Each structure stands twice: as C-alpha cells, then as structure tokens.
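Open the model in your viewer and keep the selection tool at hand. We will go from stop to stop, with a word at each on what to select and what is there.

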Amino acid sequence: MELINCVVIDDDELDRLAVETYLEQYPLVKLLGSFSNPVECLEITHTNNLDLLFLDIDMPYINGIDFLNSFKNPPLCIFITSYPEYAIEGFETRALDFLLKPLKPERFARSMARATEFLQIKNKAKLYDIHFAEDFLIIKESYDLIKIKVSDIIYLEALKDYTKVITPTKTYLTLSNLKNFFEKLPENRFLRIHRSFAVAISQIRKLEQNELLLDSLRLPVGKTFKNEISKVLLSMEY
C-alpha cells in the first residue's frame, strides 16, 4: 500500500500531540503537518495529495465542519472533538468517523483500521462493480465475476462510499453506498439497524439494549432505528 498523507488540525496542543503519538504506530502514515487552526495549513491541505485529515470542530477562525465543506474534493476525514452534540452535523459531511476526546487507544485503532481499509479500497475502486437481480448479486471483484445468493448475505456494512457484503464464507466489496445498495435489495428481507449496518431479517435472534444479536455476531443499533427493529421482532414472534 502507498503512503497515507495526513494532517492534524486542533487548537489544543495536547490533543494534537496525542494524535501525533498514536500515528507513530503506523509506518505507512506520513504526517505532513500539525496545526492549531485551518488557516495555518491552507497551502498544504489544498495543494498536496492529502489522503486523511484529523480535524477538531470547535476552532478559531473557521470551524472544522465548514473547513471540510470548503474542499471541492475533500480528503477522508476523522473528526476529533469534545462536543458529542456535533456528531450528527459532522456525519452529514460524510466524514469517516467521529471520535470524542479524550482519545482512547483502542477507539483510535478501530478508526485507523477503517481509514486504512477505505483507502486501500479507493485505490482499487475501478476494479469493483455490482449488478442486482431478484435473488442474487453479481459482483465484479478485480477481473472476476462472482454470483452471490441474496439468501447467503448475513449483513451489510457501510464504508463511506462502499458497502461490504458479509456472507458465511467470505466478505465482498461493492462500489455502492449502503443507502443505494439497501434500496435495491428485495423488500422485507433486510433491515437497517444503524447508519453503518443493515442485516438479513432471517439472521436476527435478539435485541439487547444497544446491540442486535445474530447467530454468532453482535452489531450496534442506532437510536433512530430501534422502533423499527422492535416492530420487526414482534412480527417474527407470530
């Protein structure tokens, strides 16, 4: 994989240092610069081949959300902030992730794993395609055409502009966002449970607080999806 060029922007020096320290664990990540506000780094962020942006939201001169929206073709962005109330607005910018301060090593590692996976996918995007039929999908993966039964799909996971298709034997990748993918699937066979997940209804076993139990998996449940999940579970009992 090629080097991942990144920039850190945060008006709190200690928070910047925390991100910089975590990034030292990733040899393929090249830190182009670390700045206290977006104005300081305009030349770097708009003239370099920037892959990944670690961005605070509440900053002087211009906040992180407005700054990200100023890009014609924005880089992959991970927001890092002390204010959870910014989460919805932050995700509407199509940021990859939203981390709350103080940063936790395991949460940062999960976010970096998603970012690395996404950038690997992006580099190979032209090799992926998908076609929908009534009971199966045909996925182009590299130079191969793969036929997948809809009944074999356990769940779907959003990865920004891509969707991962998880089956019992393999995980596939499609160049389609989760919303578009979900809308093309047969009705009443899949259920959105989170902004990043949809599951095959036949795989659902139980709802426990903020998690949905499948046969051997636990997936997070978004608050706005709980009512619909409850309705589906009740209908399954009769």
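Start by selecting residues 146-235: this stretch is 18% helix and 40% strand, and its end C-alpha atoms lie 34 Å apart. Helices and strands here are DSSP runs numbered from the N terminus (H or I, at least four residues, for helices; E, at least two, for strands). UniProt, in an unreviewed entry, lists these residues as "domain: HTH LytTR-type"; its positions are given in the numbering used here, feature names are shortened, and annotations may be inferred rather than shown by experiment.

A note before moving on: this is a predicted model, in which local features need pLDDT of at least 70 and side-chain atom pairs count only at pLDDT 80 or more, while totals for chains, interfaces and linings use all residues. Residues are numbered from 1 along each chain as its sequence is written, and side-chain values use heavy atoms, with hydrogens and water left out.

Next, colour the chain by domain: domain 1 is 4-125 and domain 2 is 128-237, with bounds from an automatic or database domain assignment. Their centres, taken over C-alpha atoms, are 28 Å apart. Domain 1 brings 11 residues to the contact and domain 2 brings 10, where contact means heavy atoms within 4.5 Å. About 1,100 Å² is buried between the two domains, 57% of it from carbon and sulfur atoms; buried area is the accessible area (1.4 Å probe) that two parts lose on being put together, summed over both.

Now zoom in on lysine 164 and glutamate 117. They form a salt bridge, with the closest N and O atoms 3.4 Å apart; the term means a side-chain nitrogen of Lys or Arg within 4 Å of a carboxyl oxygen of Asp or Glu. Between domain 1 and domain 2 the count is 1 salt bridge. Select helix H5 (residues 105-123) too: with 5 residues, H5 gives the largest share of the side of domain 1 that touches domain 2.

Which residue does aspartate 10 meet in a salt bridge? Select lysine 101: the N to O distance is 2.8 Å. Aspartate 10 sits in the loop between strand E1 (4-9) and helix H1 (13-23), and lysine 101 in the loop between strand E5 (97-100) and H5, 91 residues apart.

Stay at lysine 101 and look at its peptide bond to proline 102, which is cis, with omega near -5°. Finish at tyrosine 61, in the loop between strand E3 (52-55) and helix H3 (64-69), where phi is near 75°. Most residues other than glycine have a negative phi, and most peptide bonds are trans.
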